[in-house]
Structures are given as C-alpha cells and as structure tokens.
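Please inspect the sequence and the model before working through the solutions.

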Amino acid sequence: MTEAYSLRLGPMMDGHACLQGAGRCEEALAQLEKVLELHEGLMVARVSVAILETDRGRLEAGLAAARRAYADAPWYPDS
C-alpha cells in the first residue's frame, strides 16, 4: 500500500461513520467497500461491515464479514 492510499483511509472511514450516523447505511457500506478495495485486511472496516450488514437483517453477510475480520486479526478484541 502506498502512502497516498494510506492517507485516504482515515477520511474514508470517518465518512462511513458519518453516513451510518445519518441513517444512510447502504451508502456507508459502499464507502466501506471502497476502503476495503484499498486495504482488504483492514479489520476495523470488516467489523463495521459486519455490524451494518447484521443491522440491515443480512445475517449471512454480517457473519461472513465478522469471520473475515477475525481471520485477519484474531488478536484484536473487537474482531
């Protein structure tokens, strides 16, 4: 990952949180997909996907995202 991509991740993660807070969950998920395109192993993005998918009633997608988060970072307590 280049530094330019790394510098974009923070604002993109903030953007997803703002969208989620505004009740725009589908847009928040789209933002998280963009984040994961840049850094597929970003565990906090995967946890956020898991939460959003589960909240939307898409349990299989939420579980898959949670499992991937745990696989990427089993040492992290939120995964």
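**Exercise 1.** What percentage of the 79 residues in the chain is buried?

*Solution.* The model is predicted: local features need pLDDT of at least 70, side-chain atom pairs count only at pLDDT 80 or more, and totals for chains, interfaces and linings use all residues. Residues are numbered from 1 along each chain as its sequence is written, and side-chain values use heavy atoms, with hydrogens and water left out. Buried residues (under 20% relative accessible area, 1.4 Å probe, protein chains only) account for 33% of the 79.

**Exercise 2.** State which elements the chain contains, and in what order.

*Solution.* The chain has four helices and zero strands, where helices are DSSP runs (H or I) of at least four residues and strands (E) of at least two. From the N terminus, the order reads α-α-α-α.

**Exercise 3.** Describe how H3 and H4 are oriented to each other.

*Solution.* Step 1: the axes of H3 (residues 43-55) and H4 (residues 59-72) come within 7 Å and cross at roughly 160°; axes are lines fitted to C-alpha atoms over the stretch in contact, with angles from 0 to 180 degrees between N-to-C directions.

Step 1: H3 and H4 are therefore roughly antiparallel, a term for angles over 145 degrees.

Step 2: the contact (heavy atoms within 4.5 Å) involves residues including Met-43, Val-47 and Ala-50 of H3 and Leu-59, Gly-62 and Ala-66 of H4.

Key: Angles under 35 degrees count as roughly parallel, over 145 as roughly antiparallel, 65 to 115 as roughly perpendicular and the rest as oblique. Buried means under 20% relative accessible area, exposed over 50%, partly exposed in between (1.4 Å probe, protein chains only).
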